[in-house]
Amino acid sequence: MSSSWVQNVARMERLLSELQFTNGQAEALESDAAFHQWVDLAARVREENRTIYLIGNGASASMASHFAADLAKNGHLHTQVFSDVCLLTAVSNDISFAEVYAEPLRRRARPGDLLIAISSSGASPNILRGVEVARALGVTIVTLSAFAPDNPLRGSGDLNAYLPALSYGEAETAHATVLHFWMDKVEL
């Protein structure tokens, strides 16, 4: 079904207005308070010379890379993504694709670091494994998910952003908007 640009903008506005944040105990948080908390997490990472890791698949991996670069350049933060094709294929082939983020996190992440996990479905095994390993290492976790309101990623972070998008295009566009809003508050 075709829609006009105006209808698309209205749909995205409605979707973004339905952004829901929860904490690690699944308690609802007001959006501005959640963004403030997220900005404070980044400030702590910068002050303590820690690392922000960003993970995602497909377009979410592209977003992870984009925001890692901007956070490093404009926010003066140490960031890392695991997008090197040699690392991805070695872990995928020799261990499993489900471990593609968990394995490097296991070797690099430290307590006080921050992981941002992005997944439209909220059900990607490699993202969920990365979050699980990060949790065990004492890493603070922020998640961005969409699709089903009960997706497993939605409740696995210390701070969880959920958008009720039903398509990848909507989820990815909305996640990019959320990430830009946060990042603009983090920049120095």
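Which residue in E5 is the bridge partner of Tyr53? I looked it up: Leu115 in E5 is the partner.

I am working on a predicted model, where local features need pLDDT of at least 70, side-chain atom pairs count only at pLDDT 80 or more, and totals for chains, interfaces and linings use all residues. Residues are numbered from 1 along each chain as its sequence is written, and side-chain values use heavy atoms, with hydrogens and water left out.

**Elements.** I listed seven helices and seven strands. These are DSSP runs numbered from the N terminus: helices are H or I with at least four residues, strands are E with at least two. I read the order along the sequence as α-β-β-α-β-α-β-α-α-β-α-β-β-α. The radius of gyration is 16 Å, close to the 16 Å that the globule rule gives for 188 residues, so the protein is as compact as a globular protein of that length. The radius is taken over C-alpha atoms, and the rule is 2.2 Å times the number of residues to the power 0.38. Along the principal axes, the C-alpha atoms fill a box of roughly 45 × 35 × 35 Å.

**Sheet.** I traced an open sheet of seven strands with mixed pairing, in the order E2-E1-E7-E6-E5-E3-E4. Its edge strands are E2 (28-29) and E4 (78-80), each pairing on one side only. Two strands pair if DSSP finds at least two bridges between them. I then checked E3 (residues 51-55) against E5 (residues 114-119): they pair in the parallel sense over four bridges.

**Burial and contacts.** I found 46% of the 188 residues buried. The cut-offs are under 20% relative accessible area for buried, over 50% for exposed, and partly exposed in between (1.4 Å probe, protein chains only). For contacts between residues at least 6 apart in sequence, 69% join residues at least 24 apart. A contact means heavy atoms within 4.5 Å.

**Positive phi.** I looked at two loop residues. Asn49 sits in the loop between helix H2 (31-47) and E3. Its phi is near 55 degrees, a positive value in a residue other than glycine. Is Asn49 buried or exposed? Asn49 is exposed, with a relative accessible area of 67%.

His76 sits in the loop between helix H3 (59-75) and E4. The phi of His76 is also positive, near 55 degrees. His76 is exposed, with a relative accessible area of 53%. For background, most residues other than glycine have a negative phi.
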